[in-house]
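Hi everyone, thanks for coming. Let me put the structure up, and then I'll walk you through a few spots in it.

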Amino acid sequence: MTTPQSRFKRVLVTGGAGFIGSFLTERLLASGCEVVILDNLSTGTRERVPAGAQLIVGDTRDEAACEKAIRGCDAVTHLAAAVSVRASIEQFHADAECNIMGTLSVLRSAKRAKVKKIAYASSMAVYADRDRPEPIPETWPTRPDSPYGTSKLAGELYTLLVGRDAGIPAVALRYFNTYGPRQSFTPYVGVVTIFINKLLKKETPVIFGDGLQCRDFVYVGDIARATQLALESDAAGEVFNVGTGRSTTVNEVAEQLILRMAPGIQAAHGPAQPGELRNSIADITKARRVLGYEPSRPKPDFDDVIKFWSAGK
Ligand SMILES: NC(=O)c1ccc[n+]([C@@H]2O[C@H](COP(=O)([O-])OP(=O)(O)OC[C@H]3O[C@@H](n4cnc5c(N)ncnc54)[C@H](O)[C@@H]3O)[C@@H](O)[C@H]2O)c1
């Protein structure tokens, strides 16, 4: 798919040395704009920074770092965040410091720099988990079950408010379960990445709970594309789900990976984890209609992720 020419000259990508940010940076560079990355390398790495992007190592909570990074930028995509539901339960203060205070600091700099657009990376974790429809439309109530969902929602609300008051069109994208190569490997994030790494070590993957929890697994390239479409669009004050609209259980993910990597192994089951959503499928009608978004991988396909980790990256 060819990338149309960007209307921006220089875009700040916070968290651009991370999983999704590195794919987004590639797309932005391909659309002809310069990209500056602000990243504290807490989970991101220099190796992930695409050639042609400028990396500023710094923290979003540091005003001077934000001011330096945003100089000359006419748009901002804000992805830098602490990304773990489980870690946020243990350390809700640290999660909020990073995700709320970091966002406020980026927004303050974006306002001063008078950028022309802000796109904020939000999460499916903002939705209330009880009695909800599947798929979930953007109009569904937000009442997060975790500190992470709460901090992502606060960031989303602040982004839309500050954008409105400063006259800067701002949008928030609620990403669903993102998979793909280069995901930051931590014990907490990304069931696909965690299972693949277990299987490569000939260990048994552990499914939390009965494994019947449903997720909308969306390819990282599609997340990057939706974010770029939203950035380039005229949308303002809007939130968009980004997923595929398709449901896959965690058991099905384990079965698919085991079949490919270690046929015959049985996944183990551990206790269900607090704060984790039961089912989470995106209604992507709005992103389709307003942004022209269509997932390139409507069904989960983990081949390139297996290849990436098998190559010892
Ligand atoms: N991966 C998913 O499934 C998923 C789902 C929903 C939403 N999101 C959101 O997408 C965004 C990107 O997530 P990801 O999966 O690429 O995670 P990631 O951990 O790979 O990327 C986050 C990046 O931000 C950087 N960072 C963290 N805190 C920072 C700070 N205070 N200052 C500067 N840099 C900082 C990290 O070093 C890393 O490079 C996050 O905002 C996350 O909440 C991700």
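Predicted model: local features only at pLDDT ≥ 70, side-chain atom pairs only at ≥ 80, totals over all residues.

Residues are numbered from 1 along each chain as its sequence is written.

So, the ligand. Of the 31 residues around it, Gly-15, Gly-18, Phe-19, Gly-44 and Ala-81 come nearest; a residue is near if its C-beta atom, placed from the backbone, lies within 6 Å of the molecule. Helix 1 (19-30) gives the most to this shell, with three residues. Helices and strands here are DSSP runs, H or I of at least four residues and E of at least two, numbered from the N terminus.

Now helix 6, residues 191-200: Val-192, Thr-193, Phe-195, Ile-196 and Leu-199 are its buried residues, meaning 20 or more other C-beta atoms lie within 10 Å of their own. Down the helix axis they fall within an arc of 165 degrees, so they line one face of helix 6; the arc is taken over directions from the axis to the C-beta atoms. Just after helix 6, Lys-202 has a positive phi of about 60 degrees.

Three strands form an open, mixed sheet in the order 12-9-14, where pairing takes at least two DSSP bridges. Strands 12 and 14 are the edges. Strand 9 pairs with strand 12 in the antiparallel sense over two bridges, and Cys-214 has Thr-249 in strand 12 as its bridge partner.

Methods: Buried ≥ 20, exposed ≤ 12 C-beta atoms within 10 Å, placed from the backbone.
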